[in-house]
Structures are given as structure tokens and as C-alpha cells.
Amino acid sequence: MSIESSSAAGTVPADSGHRTENPLSAKGPAISPQASTSPPFADPAALGLGAFAMTTFVLSAINAGLIVKADEPVVLGLALFYGGLAQFGAGIWEFANRNVFGATAFCSYGAFWLSFWFLSQFSAASLPTADAGKAVGLYLLAWAIFTAYMTIASWRVSLGVFAVFVFLTLTFIALFIGAFAGASGMTMLGGWLGLVTALIAWYCSLAVVANSTFKRTVLPVGRR
């Protein structure tokens, strides 16, 4: 993938005079002209960001208390097919496009949603009632740690993606505390932080689609 092309905003003709914003591809070392051709796949970032945003939005609305907890199964289909399989597929395409950050992020969070679906469907009922909150809290803490170190790398990518990772880290931390300590207020806070995360991710996804379609920067993401 060339430095000029975007793994998150589409490509433009070399002589167009425009440079699209690039939410998910950090600048790298110079590469040879032969390697600077367009990536072999269409930009997968719009799919990955959109899948992440929608699934996060629905679950976060439940965590925030906007709809009752009993309606949580509505997110399971999204977690399996959109946030899970579709986002994981976007990550595989990012590997083909030589985008290490995008591939790691999309494959990891696609796997997160698949694991969330499996946990909800098959594992949660078998957890000891007295320790279930601590077990789920440990699960969320592990994802908070992963997200925190991805946040460090995201600073070099774009301000839009950096904002997604900052709010996602805060979301996981709040949900971890809520589950581990049985603090419903922290879980609700995590829900509201998740809603903000989803909205920013949706904006970045829209930027990918709009910038690629119009072959110019329509919606900036703050390229680093």
C-alpha cells in the first residue's frame, strides 16, 4: 500500500491534485515505485468501522439504560454477523493491503464481538453466580489493556481514529469497573461512553465512503 493511498479513505488518481484523508493508515517509510500502486482490494475500512460502530451503538444503548437489559439479545445477531464476521473480514483485507494497524484493529475487534456472542450464548450461564461479575470484569479488563496500547499507535494514524480509541479505552475501563465491582452506575457510564465511541467511528466510516466516492477530502479525519 502506498503512502499516498488510503486504507481508510479510498484512492484518487495520481494527477488529480487532491489528497484524501486517511483515517486508518499511518505514514510509513518510503517504498519503491513498483510497490506504490493501488492496493489489490477496495478500501475495507468503511466496512470495518461501520460494523464496529453499529454493534457498539446497540449494545451501548442497552448499557446506558436507554432500553431495558432484557432486550440485550437483540445485539447478538449484530455481534455475530456484522461486528464479528464482517469486521474480521475487513481486517483480513487490511492485511492484504499491508495495513498493519487496520488489520490488527479490525481482526481483533471482530474477534471481540464473536467472543461476546459466544460468551452470551454458551458460557455466561455456566459461570458461578457469585463470581460471574469478576469473571466478566477480567474479560473487559483484558480488552481495556489491548485498546489502551492500540490507542498509543492510533495517535500516529489520524485524530478521528485516535478519538475512537480514547473513548473505547474509557468505555472498557468503565465497563470493567462496573462488572467487577457490581457498580451499575459505572456500567451505565460505560454505555454512554460507548455511544460516543460509536458516533465517532460512524463519522470515520462515513468519511471513508464520502472521500472515496467523491475522490477528494469531503470529511476530514485529521490525518497525522
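Okay, so before anything else: when I say buried, I mean a relative accessible area under 20%, and exposed means over 50%, with partly exposed in between. Keep that in mind, and keep in mind too that this is a predicted model.

Let's start with charges. How many salt bridges does a search of the whole structure find? One. That salt bridge joins the side chains of Lys-69 and Glu-72, at 2.7 Å from N to O. Glu-72 has a relative accessible area of 17%, so by the under-20% cut-off it counts as buried. Lys-69 comes in at 55%, so that residue is exposed.

There's one more charge to mention. Lys-134 lies over the face of Phe-180, and the distance to the ring centre is 5.6 Å.

Okay, rings. The structure has 17 aromatic pairs. Take Phe-146 and Tyr-149 as one of them: the pair is edge-to-face, with 5.2 Å centre to centre and 80 degrees between the planes. Where do those two sit? Both are in helix α4, which covers residues 132-154, and they're three residues apart, about one turn of the helix. Phe-146 is buried, at 12% relative accessibility, while Tyr-149 is partly exposed, at 49%.

And that pair doesn't stand alone. Ring pairs link Phe-146 and Tyr-149 into a cluster with other residues, including Phe-52, Phe-101, Tyr-109, Trp-113, Tyr-139, Trp-143 and Phe-172.

Since we're on α4 anyway, let's check its geometry. The helix has 23 residues, and at 1.5 Å a residue it should span 33 Å. The end C-alpha atoms are 33 Å apart in the model, which agrees.

Which residues of α4 are buried? Here's the list: Gly-137, Leu-140, Trp-143, Ala-144, Phe-146, Thr-147, Met-150, Thr-151 and Ser-154. So what covers them? The cover includes α3, residues 100-123, and α5, residues 159-181.

Leu-141 is partly exposed, with a relative accessible area of 30%.

To recap, then: one salt bridge in the whole structure, from Lys-69 to Glu-72, 17 aromatic pairs, and a helix α4 whose buried residues have α3 and α5 among the elements covering them.

Technical notes. Residues are numbered from 1 along each chain as its sequence is written. This is a predicted model: local features need pLDDT of at least 70, side-chain atom pairs count only at pLDDT 80 or more; totals for chains, interfaces and linings use all residues. Side-chain values use heavy atoms; hydrogens and water are left out. A salt bridge is a side-chain nitrogen of Lys or Arg within 4 Å of a carboxyl oxygen of Asp or Glu. Buried means under 20% relative accessible area, exposed over 50%, partly exposed in between (1.4 Å probe, protein chains only). Rings of Phe, Tyr and Trp (its six-membered ring) pair if their centres lie within 6.5 Å; planes under 30 degrees apart count as stacked, over 60 as edge-to-face and the rest as tilted. Helices (H or I, at least four residues) and strands (E, at least two) are DSSP runs, numbered from the N terminus. A charge sits over a ring if NZ of Lys or CZ of Arg is within 6 Å of the ring centre and within 35 degrees of the ring normal. The expected span of a helix is 1.5 Å times one less than its number of residues. Contact means heavy atoms within 4.5 Å.
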